[in-house]
Amino acid sequence: MTEAAPQFTPRVFSGIQPSGGLTLGNYLGALKRFADAQDQGMETIYCMVDMHAITVWQDPDALRRQTRELAAGFIASGVDPEKSILYNQSQVGEHAQLGWIFNCVARMGWMQRMTQWKDKAGKNSQNASLGLFAYPALMAADILLYHATHVPVGEDQKQHVELTRDIAIKFNHDYGTEFFPLPEPVIEGAATRVMSLRDGTKKMSKSDPSDMSRINLTDDADAIANKIRKARTDPEALPSETEGLKERAEARNLVNIYAALNDQTVEQVLADVGGKQFSEFKPMLADLAVAKLSPISTEMARLMEAPEEIDSILTRGADRAREIAQPVLKRTLEIVGMVHG
Ligand code: AMP
Ligand code: TRP
């Protein structure tokens with residue numbers, strides 16, 4: 001029996017792990033884009049994926065604090081809990097239920113090819129949690145539980161969204177249905193990969209041992225300005241065309257950051273700053289970064305003083321999420337042949 005192809009309403013879903021510490025990379029690669037997507041006429045659903053976070057050990061008190069801090073980061077970055085559905089994953093049990101079904105759809109070979117699994121498990125894969133291996137199937141469930149069509153993520157998550165499509169295709173094929181949409185990764189903008197301030201070939205990451213390599217969303221104005229002043233560069237002046245940034249990873253990164261913070265293209269930025277030395281460009285970038293980021297850290301600090309306000313936003317978000325998720329899960333169970341009332 002084949003169902004007629006349903007029309008899928010465009011819907012945005014994305015998630016971030018509450019694994020502690022938000023950087024400028026998370027802001028430009030994810031949070032800012034999540035906020036921008038709210039005004040593009042699509043429903044937006046954003047999830048703090050605490051069940052993903054425990055695929056590696058998390059201290060319970062730290063996990064609670066990190067979840068609230070991430071929620072504060074979302075809100076301070078402009079994600080409006082009225083416009084978007086904002087919640088933490090474990091409050092909507094349907095994620096785990098659909099995740100199990102997708103564990104039975106995904107193949108071992110698909111999971112073994114995941115670059116993030118290979119990087120994270122490394123040589124010690126026998127000792128990694130089973131959850132870490134299965135995690136992309138849970139991510140597919142996060143997305144498909146809402147029939148989401150657009151998934152804004154950074155470069156590093158593209159492979160997992162492609163796997164989500166493979167899971168949807170196999171499910172639809174095996175059960176002779178067109179129930180699940182094939183979601184698209186949305187990877188665009190000047191800063192889908194913000195690089196380390198110390199090494200332009202490495203991603204800016206909360207796990208880098210050097211704090212000077214990153215800007216944290218909790219950094220104050222002095223720390224931000226200092227890190228930009230000390231960022232690695234080369235001795236050349238800035239070019240006027242993007243071509244001139246090709247072999248200059250550090251210069252390219254700083255220009256990308258400027259463009260993304262200022263909602264400009266790299267071309268527009270270079271048209272203004274081409275010919276300038278870093279001694280002139282860095283203070284411009286520092287001023288811009290402080291102007292854009294310090295209101296975020298101030299608002300995060302305020303929200304962290306009001307955990308009950310955060311918790312009630314997440315509970316309300318979870319209730320709204322469940323309204324969409326429940327009928328999708330129910331229909332999935334029917335398709336699979338599970339008897340229920
Ligand atoms: P993570 O902090 O690695 O769990 O990533 C959370 C989200 O932020 C994902 O959508 C990532 O793709 C994005 N992200 C993390 N680091 C960066 C970065 N350096 N540049 C751009 N996006 C990033
Ligand atoms: N795997 C993502 C990360 O580590 C987080 C994530 C979980 C996610 N579920 C998702 C992202 C669904 C987008 C859509 O960053």
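Reader: Which element gives the largest share of the shell around ligand 2?
Author: That's α7, with four residues. Keep in mind that this is a predicted model.

Reader: Which elements give two or more residues to that shell around ligand 2?
Author: β1 (11-16) and α7 do.

Reader: How many residues surround ligand 2, and which are the closest?
Author: There are 13. The closest are Gln-17, Tyr-135, Met-139, Asp-142 and Gln-157.

Reader: How do the shell residues divide into nonpolar, polar and charged?
Author: Seven are nonpolar, five are polar and one is charged.

Reader: What lies 2.4 Å from a nitrogen atom of ligand 2?
Author: A polar side-chain atom of Tyr-135. A side-chain N or O atom of Asp-142 is 2.7 Å from a nitrogen atom of the ligand. For Gln-157, a side-chain N or O atom is 3.0 Å from a ligand nitrogen.

Reader: How much of ligand 2 does the protein cover?
Author: 91% of the 360 Å² of accessible area that the ligand has on its own. The space ligand 2 takes is the largest pocket.

Reader: Where is His-147? Is it buried or exposed?
Author: His-147 sits in the loop between α7 (130-144) and β4 (150-152). His-147 counts as buried because its relative accessibility is 14%, under the 20% cut-off.

Reader: And what about phi of Asp-263?
Author: Asp-263 has a positive phi too, near 55°. Its loop runs between α10 (249-261) and α11 (266-273). Asp-263 is exposed, at 56% relative accessible area.

Definitions and conventions
Residues numbered from 1 in each chain as written. Chains lettered and ligands numbered in written order. Predicted model: local features only at pLDDT ≥ 70, side-chain atom pairs only at ≥ 80, totals over all residues. Heavy atoms only, no water. Buried < 20%, exposed > 50% of the residue type's maximum accessible area, 1.4 Å probe, protein only. Near = heavy atom within 4 Å. Polar contact = N/O pair within 3.5 Å; in protein donor to acceptor, adjacent residues only side chain to side chain. Areas by Shrake-Rupley, 256 points an atom, 1.4 Å probe, with all protein chains shown as cover. 1 Å grid on protein atoms, 1.4 Å probe; cavity = no way out; pocket = protein on both sides within 12 Å on 5 of 7 lines; lining within 4 Å. Sits in = over half its atoms within 2 Å of the grid points. Nonpolar A, V, L, I, M, F, W, Y, C, P; charged D, E, K, R; others polar.
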